[in-house]
Amino acid sequence: TELRANVQMARSSDLQRWTLIEHGGKLHDAMPTLPAWAEPGRTWAPEVIRVAGRYLLYFTARERKSGLQCVGVAHSEEALGPFVSTAAEPLVCQRGQGGTIDASPFRDGDGTLYLYYKNDGNNPSVLKPSRIWVQRLSADGLSLSGTATPLITNTLKWEWRVVESPAMTRAGDGSYVLLFSANHFGWETDQRLSNYAIGYAVCAGPEGPCTKAPENPILTSYFGKRRGCLS
């Protein structure tokens, strides 16, 4: 299949009805040129945040030299792009742990920026635990600082070998809640629906520690919590 856009975009005025942005019958590409380290065809999980008057796009792409999925960051003066990155290396790539995917930025109340991401441990060539990590970002959001801290690991039956897709938020009472997805995104021929599901963890701060909620998963493809379907 021909690659039509590295990063597609859609527009909405009510956050309910969305229309793909096109130009001349072709999809609008928010990042038409990938950085030199990235190989076309496997770019996903874009997340955008506005920092210091411009927009930053965190994305996952395949690293040419390792063949692993890694995380990069690009910038643009406009929300539509074009987002540009001239970086020679990914922003983060945990090559010894299967690569890195699903980057998600978060700005705390004091303005400090953090990046959440997942090591791709369920990569069939690695088969290591998958974890969600957090690391502080520089003030401009273009580089990481300090050390990475693991927040949660796939340890429960309903999670299977996967925890991923992190999103940190601050609740009204000042507590921090980390949303995440788990289990197999697709499904096998003997299954009616995917076992992919959503859970959350309550965290003491943006860098943890975090405790998974006992009522997880809170959202599944099945009606109710049919635990037998999440084995």
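I began with E63, which forms a salt bridge with R95, the closest N and O atoms being 2.7 Å apart. E63 lies in strand 6 (residues 54–63) and R95 in the loop between strand 7 and strand 8, so the pair ties together parts that are 32 residues apart in sequence. My cut-off for a salt bridge: a side-chain nitrogen of Lys or Arg within 4 Å of a carboxyl oxygen of Asp or Glu. Strands (E, at least two residues) are DSSP runs, numbered from the N terminus.

Notes on the model. This is a predicted model, where local features need pLDDT of at least 70, side-chain atom pairs count only at pLDDT 80 or more, and totals for chains, interfaces and linings use all residues. Residues are numbered from 1 along each chain as its sequence is written, and side-chain values use heavy atoms, with hydrogens and water left out.

Next, accessibility. I took buried as under 20% relative accessible area, exposed as over 50%, and partly exposed as in between (1.4 Å probe, protein chains only). E63 is buried, at 1%. R95 is partly exposed, at 37%.

How many salt bridges does the whole structure hold? My search of it finds nine. Side chains of opposite charge can pair when their charged atoms come close.

I looked up two further pairs. D120 forms a salt bridge with K118, with 3.3 Å between the closest N and O atoms. D120 has a relative accessible area of 12% and is buried. K118 is buried too, at 0%. The side chains of R17 and D14 also meet in a salt bridge, at 2.4 Å from N to O. R17 is exposed, with 61% relative accessibility. D14 is partly exposed, at 24%.

Then the cysteines. I found two disulfides in the structure, a disulfide being a pair of cysteine sulfur atoms within 2.5 Å. C70 and C93 form one, with their sulfur atoms 2.0 Å apart. This pair links distant parts of the chain: C70 sits in strand 7 (residues 69–76), and C93 in the loop between strand 7 and strand 8 (100–107), 23 residues away. Are C70 and C93 buried or exposed? Both are buried.

C203 and C210 form a disulfide as well, their sulfur atoms 2.0 Å apart. The angle about the S-S bond is 105 degrees, and the link of C203 and C210 is right-handed. Both C203 and C210 are buried. With the bonded cysteines numbered in sequence order, I logged the pairing as 1-2, 3-4.

Notes
Helix = DSSP H or I, 4+ residues; strand = E, 2+ residues; numbered from the N terminus.
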